[in-house]
Amino acid sequence: MNSLQIEEQAILAAREAGALIRQKCGRAAQTIVKSNDYDLVTEVDKACEELIRRRLAEQAPTHHILGEEGVAPGSAASAQAVEESRDAEVLWIIDPIDGTTNFIHGFPNSVVSIGVAQRGELLVGVIYDPFRDEMFTARRGEGAFLNGERLSVSKEATLQESVLATGFPVDTKGARAINMRGMQALAPTVRNFRALGTAALHLAYVAAGRLTGFWEMDLNAWDLSAGSLLIQEAGGRVTDTRGVEYHLGVRHIAATNGLVHDDLLRVLVESRATGYEAE
Ligand code: 2AM
Ligand code: CA
């Protein structure tokens, strides 16, 4: 299968799972608590992942799959699962519902995120927003697209002109407090903040120039891989919060149009809000 065929399959899988997300948003019968009371999953997350896995078993039986719902809860288990699978020849990295808390509350902001890597290097990224019917796609070296139209990142050159997004970690005691320090430090300068409850949609919006940048800590490869490729292909920059170029093991993410990247990192480092302080 070449990258074009992989992209086609990812798009079909994302549309299929997206239809279920749209149909079931706010109507999940049961909510299951994962690592703590704020870390949630529903039977629809599992059903969406199952749909995608079934398609891949038929269309690409030799490819490996790393899906959020196939991994034990908690940061350590997630990091280990990524480590164990990242050198696979072809690896599909799947978040069947990014924005599960929104999904449970009927807040119509959840997406399907599918990244495909070859021996650890991202080849294809697809993020589908079923509520707006927006399909974000990228293939390495071929650019990023929204419903077939070429994307490029925004042109804001200063934090003063920037709209930045972030998310609030499920670890209410440690990571959330660190995240608030970052917001506090940035608040006097940035144009404004947005928090949509889905990391993958934030990344897609940075690629589309709708957001200047995004940072968040303790995320997983399935939240970040597809969106990172979209941003790189749209001319932006993706690193960890200390400036190391994005790779599948990155959990503390900074993703921008490139122009404000160093300024964002400087504020996060100076305010001790990179997420690495606790490690
Ligand atoms: P999810 O909806 O797939 O769980 C919101 O700030 C972002 O954090 C979402 O993309 C959400 O993804 C992600 N997230 C939620 N719980 C998480 C956890 N326990 N570890 C890491 N990321 C999580
Ligand atoms: Ca998820």
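I count Ala, Val, Leu, Ile, Met, Phe, Trp, Tyr, Cys and Pro as nonpolar, Asp, Glu, Lys and Arg as charged, and the others, Gly among them, as polar. By that count, the shell around ligand 1 holds five nonpolar, six polar and seven charged residues.

I note that the model is predicted, with local features needing pLDDT of at least 70, side-chain atom pairs counting only at pLDDT 80 or more, and totals for chains, interfaces and linings using all residues. Residues are numbered from 1 along each chain as its sequence is written, chains are lettered from A and ligands numbered from 1 in written order, and side-chain values use heavy atoms, without hydrogens and water.

I looked up which residues surround ligand 1: there are 18, and the closest are Asp-95, Asp-98, Gly-99, Thr-100 and Glu-216 (a heavy atom within 4 Å). Strand S4 (residues 90–98) gives the most to this shell, three residues (strands are DSSP runs of E, at least two residues, numbered from the N terminus). Domain 1 (3–150) and domain 2 (159–270) each supply at least three residues; the bounds come from an automatic or database domain assignment.

I then checked oxygen atoms of ligand 1. One lies 2.8 Å from a backbone N or O atom of Thr-100. One is 3.1 Å from a polar backbone atom of Ile-97. A polar side-chain atom of Glu-68 lies 3.2 Å from one.

Terms used: Polar contact = N/O pair within 3.5 Å; in protein donor to acceptor, adjacent residues only side chain to side chain. Helix = DSSP H or I, 4+ residues; strand = E, 2+ residues; numbered from the N terminus.
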